[in-house]
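Keep the structure open while you read.

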Amino acid sequence: MTQQSNNERLSAGIIPLSVAKTWDEAKLEWTLQWVWLSDKYMTCLCEHYPIVEICELRNSLNGAVTEVGNVCVNKFLRLESNQVFREIKRIAADATKPLGLLTIELLHRRKLITEWEIGFLVDTSTKRAISLSQRQLAKRIELNQRTLRSVRDYNPSLQIAEGER
(Lines give C-alpha, C1' and ligand atoms only; values in the text may rest on other atoms or scores of the structure.)
Protein backbone atom coordinates (compact mmCIF):
# COMPACT_ATOMS: atom_id res chain seq x y z
CA MET A 1 0.00 0.00 0.00
CA THR A 2 1.30 3.40 -0.87
CA GLN A 3 0.85 6.46 1.26
CA GLN A 4 -1.51 7.86 -1.36
CA SER A 5 -3.74 4.77 -1.26
CA ASN A 6 -3.87 4.93 2.53
CA ASN A 7 -4.86 8.58 2.29
CA GLU A 8 -7.59 7.76 -0.24
CA ARG A 9 -8.93 4.94 1.95
CA LEU A 10 -8.90 7.13 5.04
CA SER A 11 -10.72 9.95 3.23
CA ALA A 12 -13.28 7.42 1.95
CA GLY A 13 -13.94 6.46 5.58
CA ILE A 14 -13.94 9.99 7.03
CA ILE A 15 -15.95 11.93 4.42
CA PRO A 16 -19.22 9.96 4.92
CA LEU A 17 -18.97 10.73 8.65
CA SER A 18 -18.40 14.43 7.98
CA VAL A 19 -20.63 17.36 7.07
CA ALA A 20 -18.22 18.47 4.34
CA LYS A 21 -18.06 16.51 1.11
CA THR A 22 -14.41 17.17 0.25
CA TRP A 23 -11.37 15.75 2.03
CA ASP A 24 -9.70 19.14 2.60
CA GLU A 25 -12.81 20.51 4.32
CA ALA A 26 -13.73 17.28 6.14
CA LYS A 27 -10.30 17.04 7.81
CA LEU A 28 -10.92 20.35 9.55
CA GLU A 29 -14.06 19.03 11.30
CA TRP A 30 -12.23 16.38 13.35
CA THR A 31 -10.60 16.74 16.76
CA LEU A 32 -8.57 14.33 18.84
CA GLN A 33 -10.71 13.13 21.75
CA TRP A 34 -8.63 10.36 23.26
CA VAL A 35 -5.88 7.87 22.59
CA TRP A 36 -5.59 4.32 23.78
CA LEU A 37 -3.52 1.20 23.38
CA SER A 38 -5.45 -1.79 22.14
CA ASP A 39 -4.66 -5.19 23.63
CA LYS A 40 -5.56 -6.77 20.29
CA TYR A 41 -4.70 -5.82 16.73
CA MET A 42 -7.20 -3.55 15.02
CA THR A 43 -7.67 -2.21 11.50
CA CYS A 44 -7.51 1.50 10.69
CA LEU A 45 -10.08 3.23 8.49
CA CYS A 46 -7.37 3.24 5.82
CA GLU A 47 -7.46 -0.57 6.07
CA HIS A 48 -3.93 -0.81 7.50
CA TYR A 49 -3.52 -3.80 9.79
CA PRO A 50 -2.26 -4.26 12.47
CA ILE A 51 -2.56 -1.15 14.62
CA VAL A 52 -2.51 -0.88 18.41
CA GLU A 53 -2.15 2.90 18.92
CA ILE A 54 -5.75 4.02 18.48
CA CYS A 55 -7.01 7.59 18.30
CA GLU A 56 -10.62 8.41 18.99
CA LEU A 57 -11.75 11.34 16.85
CA ARG A 58 -14.91 13.41 17.18
CA ASN A 59 -16.50 15.51 14.48
CA SER A 60 -17.00 18.99 15.90
CA LEU A 61 -19.96 19.71 13.61
CA ASN A 62 -22.12 16.59 13.84
CA GLY A 63 -20.75 14.72 16.88
CA ALA A 64 -19.76 11.61 14.91
CA VAL A 65 -17.02 9.51 16.53
CA THR A 66 -14.55 7.17 14.86
CA GLU A 67 -11.29 5.41 15.62
CA VAL A 68 -8.21 5.81 13.46
CA GLY A 69 -4.63 4.59 13.80
CA ASN A 70 -2.07 6.99 15.19
CA VAL A 71 -0.03 7.02 11.96
CA CYS A 72 -3.00 8.19 9.87
CA VAL A 73 -3.99 10.80 12.42
CA ASN A 74 -0.52 12.32 12.21
CA LYS A 75 0.17 11.92 8.48
CA PHE A 76 -3.16 12.87 7.01
CA LEU A 77 -5.25 14.67 9.62
CA ARG A 78 -2.27 16.48 11.18
CA LEU A 79 -3.51 16.10 14.77
CA GLU A 80 -0.87 15.79 17.49
CA SER A 81 -1.53 12.25 18.71
CA ASN A 82 2.15 11.28 18.33
CA GLN A 83 3.03 13.70 21.10
CA VAL A 84 0.50 12.08 23.43
CA PHE A 85 1.74 8.56 22.67
CA ARG A 86 5.36 9.70 23.25
CA GLU A 87 4.35 11.05 26.66
CA ILE A 88 2.51 7.84 27.50
CA LYS A 89 5.61 5.80 26.63
CA ARG A 90 7.79 8.21 28.63
CA ILE A 91 5.70 7.96 31.81
CA ALA A 92 5.39 4.19 31.37
CA ALA A 93 9.19 4.02 31.47
CA ASP A 94 9.49 6.56 34.30
CA ALA A 95 6.40 7.59 36.27
CA THR A 96 8.22 10.63 37.68
CA LYS A 97 8.26 12.37 34.27
CA PRO A 98 5.79 15.23 33.64
CA LEU A 99 2.88 15.16 31.22
CA GLY A 100 2.61 17.76 28.45
CA LEU A 101 -0.18 20.25 27.99
CA LEU A 102 -1.95 18.37 25.18
CA THR A 103 -2.16 15.21 27.27
CA ILE A 104 -3.38 17.22 30.26
CA GLU A 105 -6.06 18.78 28.03
CA LEU A 106 -7.19 15.35 26.81
CA LEU A 107 -7.34 14.02 30.39
CA HIS A 108 -9.50 17.00 31.34
CA ARG A 109 -11.76 16.56 28.31
CA ARG A 110 -12.33 12.92 29.37
CA LYS A 111 -13.05 14.11 32.94
CA LEU A 112 -10.20 11.96 34.25
CA ILE A 113 -8.66 14.77 36.29
CA THR A 114 -10.10 17.49 38.48
CA GLU A 115 -9.61 21.23 38.10
CA TRP A 116 -7.09 21.14 40.95
CA GLU A 117 -5.19 18.32 39.26
CA ILE A 118 -5.08 20.30 36.01
CA GLY A 119 -3.50 23.20 37.86
CA PHE A 120 -1.05 20.91 39.61
CA LEU A 121 0.00 19.19 36.37
CA VAL A 122 0.39 22.50 34.51
CA ASP A 123 2.28 24.13 37.38
CA THR A 124 4.71 21.22 37.67
CA SER A 125 4.97 20.33 33.96
CA THR A 126 8.31 22.09 33.54
CA LYS A 127 9.81 20.83 36.79
CA ARG A 128 12.14 17.88 37.05
CA ALA A 129 11.31 15.23 39.63
CA ILE A 130 14.31 16.22 41.74
CA SER A 131 12.89 19.74 42.24
CA LEU A 132 9.48 18.50 43.48
CA SER A 133 8.63 17.90 47.13
CA GLN A 134 7.94 14.31 48.16
CA ARG A 135 4.18 15.02 48.19
CA GLN A 136 4.30 16.65 44.76
CA LEU A 137 6.28 13.75 43.34
CA ALA A 138 3.87 11.23 44.86
CA LYS A 139 0.93 13.11 43.31
CA ARG A 140 2.64 13.22 39.89
CA ILE A 141 3.27 9.48 40.04
CA GLU A 142 -0.35 8.83 41.09
CA LEU A 143 -1.70 10.91 38.19
CA ASN A 144 0.69 9.30 35.72
CA GLN A 145 -0.37 5.83 36.85
CA ARG A 146 -4.02 6.83 36.45
CA THR A 147 -3.24 8.09 32.94
CA LEU A 148 -1.56 4.79 32.04
CA ARG A 149 -4.53 2.81 33.34
CA SER A 150 -6.92 4.96 31.32
CA VAL A 151 -5.12 4.32 28.03
CA ARG A 152 -4.69 0.61 28.73
CA ASP A 153 -8.14 -0.11 30.16
CA TYR A 154 -10.13 2.03 27.75
CA ASN A 155 -13.03 0.17 26.18
CA PRO A 156 -14.89 2.22 23.56
CA SER A 157 -17.89 -0.12 23.57
CA LEU A 158 -18.44 0.68 27.26
CA GLN A 159 -18.27 4.38 26.48
CA ILE A 160 -20.98 3.98 23.84
CA ALA A 161 -23.18 2.01 26.25
CA GLU A 162 -22.77 4.73 28.87
CA GLY A 163 -23.79 7.42 26.39
CA GLU A 164 -20.52 9.35 26.61
CA ARG A 165 -20.06 9.56 22.88
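## Salt bridges

Let's start with Asp24 and Lys27, whose side chains meet in a salt bridge at 3.9 Å, N to O. The term covers a side-chain nitrogen of Lys or Arg within 4 Å of a carboxyl oxygen of Asp or Glu. Asp24 is exposed at 56% relative accessibility, while Lys27 is partly exposed at 23%. For those labels, buried means under 20% relative accessible area, exposed means over 50%, and partly exposed is in between (1.4 Å probe, protein chains only). Before going further, note that this is a predicted model: local features need pLDDT of at least 70, side-chain atom pairs count only at pLDDT 80 or more, and totals for chains, interfaces and linings use all residues. Residues are numbered from 1 along each chain as its sequence is written, and side-chain values use heavy atoms, with hydrogens and water left out.

By the salt-bridge rule the count comes to 9. Another one pairs Lys89 with Glu53, with the closest N and O atoms 2.9 Å apart. This pair links distant parts of the chain: Lys89 sits in helix α4 (residues 81-93) and Glu53 in strand β2 (residues 51-59), 36 residues apart. Helices (H or I, at least four residues) and strands (E, at least two) are DSSP runs, numbered from the N terminus. Lys89 counts as exposed, at 52% relative accessibility.

## A charged network

Glu142 and Lys139 also form a salt bridge, their closest N and O atoms being 3.3 Å apart. Both are in helix α7 (residues 134-152), and their spacing of 3 residues puts them about one helical turn apart. Glu142 is partly exposed at 35%, but Lys139 is buried at 18%. Salt bridges with shared partners join Glu117, Lys139, Glu142 and Arg146 into one network.

## Aromatic pairs

How many aromatic pairs does the structure hold? There are 2. Rings of Phe, Tyr and Trp (its six-membered ring) pair if their centres lie within 6.5 Å; planes under 30 degrees apart count as stacked, over 60 as edge-to-face and the rest as tilted. Tyr41 and Tyr49 have ring centres 6.0 Å apart and planes at 80°, so they are edge-to-face. Tyr41 is exposed, with 54% relative accessibility.

Trp116 and Phe120 are a stacked pair, because their ring centres are 5.5 Å apart and their planes are at 15°. Both belong to helix α6 (residues 115-124), 4 residues apart, or about one turn of the helix. Trp116 is exposed at 56%, whereas Phe120 is buried at 8%.

Most residues other than glycine have a negative phi, and most peptide bonds are trans. Here are some exceptions. The peptide bond from Tyr49 to Pro50 is cis, with omega near 5°, and Pro50 lies in the loop between β1 (30-42) and β2. Glu47 is in the loop between β1 and β2 too, and has a positive phi of about 80° although it is not a glycine. Glu47 is partly exposed, at 49%.

Lys111 also has a positive phi, about 60°, without being a glycine. Look for Lys111 in the loop between α5 (101-109) and α6, where it is exposed at 73%.

## Around Val68

Is Val68 buried or exposed? Val68 is buried, with a relative accessible area of 1%, and its place is in strand β3 (residues 65-69). Setting aside neighbours within four places in sequence, Val68 is in contact (heavy atoms within 4.5 Å) with residues including Leu10, Ile14, Cys44, Ile54 and Val73.

## The whole chain

The chain has 8 helices and 3 strands, in the order α-α-β-β-β-α-α-α-α-α-α. Its radius of gyration is 17 Å, close to the 15 Å that the globule rule gives for 165 residues, so the chain is as compact as a globular protein of that length. That radius is taken over C-alpha atoms, and the rule is 2.2 Å times the number of residues to the power 0.38. The C-alpha atoms fill a box of roughly 55 × 30 × 30 Å along the principal axes.

Buried residues make up 45% of the 165 residues. Among contacts between residues at least 6 apart in sequence, 52% join residues at least 24 apart.
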